[in-house]
Amino acid sequence: MKVLLLKDAKEEGGQDPYVRELGLHGLEATLIPVLSFEFLSLPTFWEKLSRPEGYGGLIFTSPRAVEAVELSLEQDGKSEVWKKSLRETWNAKPVYVVGNATASLVKKLGLEAEGESSGNAEKLAEWICSRIPMESIIVYRKIPHPGIQVNLDSYYSKQGIPASIAFFSPSGLTHSLKHVRELSGSSIEQIKFAAIGPTTARALAAQGLPVSCTAESPTPQALAAGIRTALQPHSS
């Protein structure tokens, strides 16, 4: 059975872990990116990174936030400053993340992360806010992927109606649902809709779509197991 994943692609080479895991469950998964990212406020971000003494720790909300650090370090020899002093100073403080993908990228910066097993951003935020005051900075924004309509048209014309469609964020749902509705037509009722977590599941429900599967944790293994169960013949 075919599964459509509406998410950004894995940055590094090799097969996307969600595509691979679904394949192990006997499902043919196709990934179509629905979002692009525009980075913001990087000079201001670097100023804050340069003053670790002013903060109690770091919170990375997504892989894109880690990428913002990498982009900041690429300019004017800042990478050397990071390696010589800033990295060690930040490492003496807690560094929080949600999810294994973000944790893996944070570790490549030379930082030790915690919180990846919290399950979702809400649980991590509750835990952190009960202990420390917090300051946030927005370093990227999500915009529709320029190829989403063409890619979805191509998928539907070649592969037909997928058995399941998985959404990975409310914003990804916002930018893709119109196209999915138009292409699926009345057959949309037979599609099993899956969500990577409770926030995305609520966004699906708000759009009047039945949620057949919400991953127990934001991992390829949990999502694949949930979709496999939802697609079994006895599932409603």
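**Close-up views of salt bridges and a helix pair**

**View 1.** E135 is partly exposed, with a relative accessibility of 48% (between buried, under 20%, and exposed, over 50%; 1.4 Å probe, protein chains only). The model is predicted: local features require pLDDT of at least 70 and side-chain atom pairs pLDDT 80 or more, whereas totals for chains, interfaces and linings use all residues. Residues are numbered from 1 along each chain as its sequence is written, and side-chain values use heavy atoms, without hydrogens and water. E135 pairs with K48 in a salt bridge, with 2.4 Å between the closest N and O atoms (Lys or Arg side-chain nitrogen within 4 Å of an Asp or Glu carboxyl oxygen). K48 belongs to helix α2 (residues 42-49) and E135 to the loop between α6 (121-129) and β6, so parts 87 residues apart in sequence are tied together (helices are DSSP runs of H or I, at least four residues; strands of E, at least two; both numbered from the N terminus).

**View 2.** E38 and R141 form a salt bridge with an N to O distance of 2.5 Å. E38 lies in strand β3 (residues 35-39) and R141 in strand β6 (residues 140-144), 103 residues apart. E38 is partly exposed at 31%, as is R141 at 45%.

**View 3.** A salt bridge of 3.8 Å (N to O) joins E28 to K2. E28 is in strand β2 (residues 28-32) and K2 in strand β1 (residues 2-6), 26 residues apart. The relative accessibility of E28 is 43%, and that of K2 is 26%.

**View 4.** The structure has 6 salt bridges.
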